[in-house]
Amino acid sequence: LAERTSDQAHLGAMAASLLPHQPAALRVESACASGAIALHTACGMLESGKVETVLVVGVEKMTDADNAAITSGLMGAADSELDSPSGLTFPGIFGLIANRYMHEHGLTREKLNTVSAAHHKNAMSNPFAQFRMEVKPEAVSKSTKVADPLCMLDCSPISDGAAACILSTKHESTLKIAASQIASDTVSITQRESITGFQATQHAAAKAFAEAAIHRNDIAHLEIHDCFSIAAIINLEDLGYAAPGTGIKLYENPGKQTINASGGLKACGHPVAATGVKQIIDITKQLKASGERYGLAHNFGGACATCGIHILEHTA
């Protein structure tokens, strides 16, 4: 959002100038998936042999701008011809998705409350979360209505934040990226056959599990893109952890995988370009703490028009 909120678009050179040797740098832009796509770009550079070590930075400063400017800037991730003229914003887009999902699968407003409540509970033990507080399920649907049926506590907040990681083929580490995959879909939901499942996630996940040569049940920790509570449920289904219409059951009766143990976008905040990189760091922390081998980071942009999935392997 830098060129919209800070009149600064040339961020690659700006970042490079902060380092004494001014390395080659580029800005990678893909809406809220920018962090994951930057990581994927870095992996491609490393695999090509053109570089040996890459610093990936995700950063966003959002709270200095007023809400109208942020809303307008974020709508750059939607379709300017098919979505914006009708007055849609992303809460409105995901409100439509939630309504359709409820119609198709019978999800109730009360059950949807459990998603945000679970993620806030997780964030209470994360010192880096924006909102380290408990939220009772009933408080979610009692919060201010934003775009029916979504309320304020269904939505990720406006946030400042930054995250960085170093990828290298030269230096040894007990952590490696076992898979880096991306996929795309139409920008506007009006051009999709279904809006209750995101094909970009489905395709990126299939490619990622194949690249890592593992089964989805080998994953111990999941960090998924819960920009809105309904997205978390759909993401779990698209990743193959629940059948269509049953994703909420993983919140009612948790399985073997942890889901957004960091607090996710809902409670950690969503400084959009930083989110995909931050998820990698959270998975790293979780794998080191648990001693498990695999974790998965899922980051998307727009209404999942772009999706990036990374599988991390801890070999220690």
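**Notes on a predicted model**

1. Let's start with T275: this residue is buried, with a relative accessible area of 3%. Buried here means under 20%, so T275 qualifies with its 3%. Keep in mind that we're looking at a predicted model.

2. Where does T275 lie? You'll find T275 in helix α12. Leaving out neighbours within four places in sequence, T275 is in contact with H225, L265, H270 and N299. Also have a look at A36: it sits 239 residues away from T275 along the chain, yet their C-alpha atoms are separated by 8.2 Å.

3. Now the sheet. It's an open one of 5 strands, in the order β5-β9-β8-β6-β7, and the pairing is mixed. β5 (175–184) and β7 (258–259) stand at the edges with a single partner strand each, so one side of each has no neighbour in the sheet.

4. Zoom in on β6 (residues 219–223) and β8 (residues 294–301): these strands run parallel and are joined by 4 bridges. On this pair, E223 stands opposite A297 in β8.

5. Helix α12 (residues 272–290), the one with T275, packs on the sheet and touches β5, β6, β7, β8 and β9. Its direction makes about 165 degrees with that of β8. Helix α8 (residues 199–212) lies across β5, β6, β8 and β9 (306–314), running at about 150 degrees to β5.

6. Last, check D238, in helix α9 (residues 229–238).

Methods
Residues are numbered from 1 along each chain as its sequence is written. This is a predicted model: local features need pLDDT of at least 70, side-chain atom pairs count only at pLDDT 80 or more; totals for chains, interfaces and linings use all residues. Side-chain values use heavy atoms; hydrogens and water are left out. Helices (H or I, at least four residues) and strands (E, at least two) are DSSP runs, numbered from the N terminus. Two strands pair if DSSP finds at least two bridges between them. Contact means heavy atoms within 4.5 Å. Axes are lines fitted to C-alpha atoms, for helices over the stretch in contact, and angles run from 0 to 180 degrees between N-to-C directions. Buried means under 20% relative accessible area, exposed over 50%, partly exposed in between (1.4 Å probe, protein chains only).
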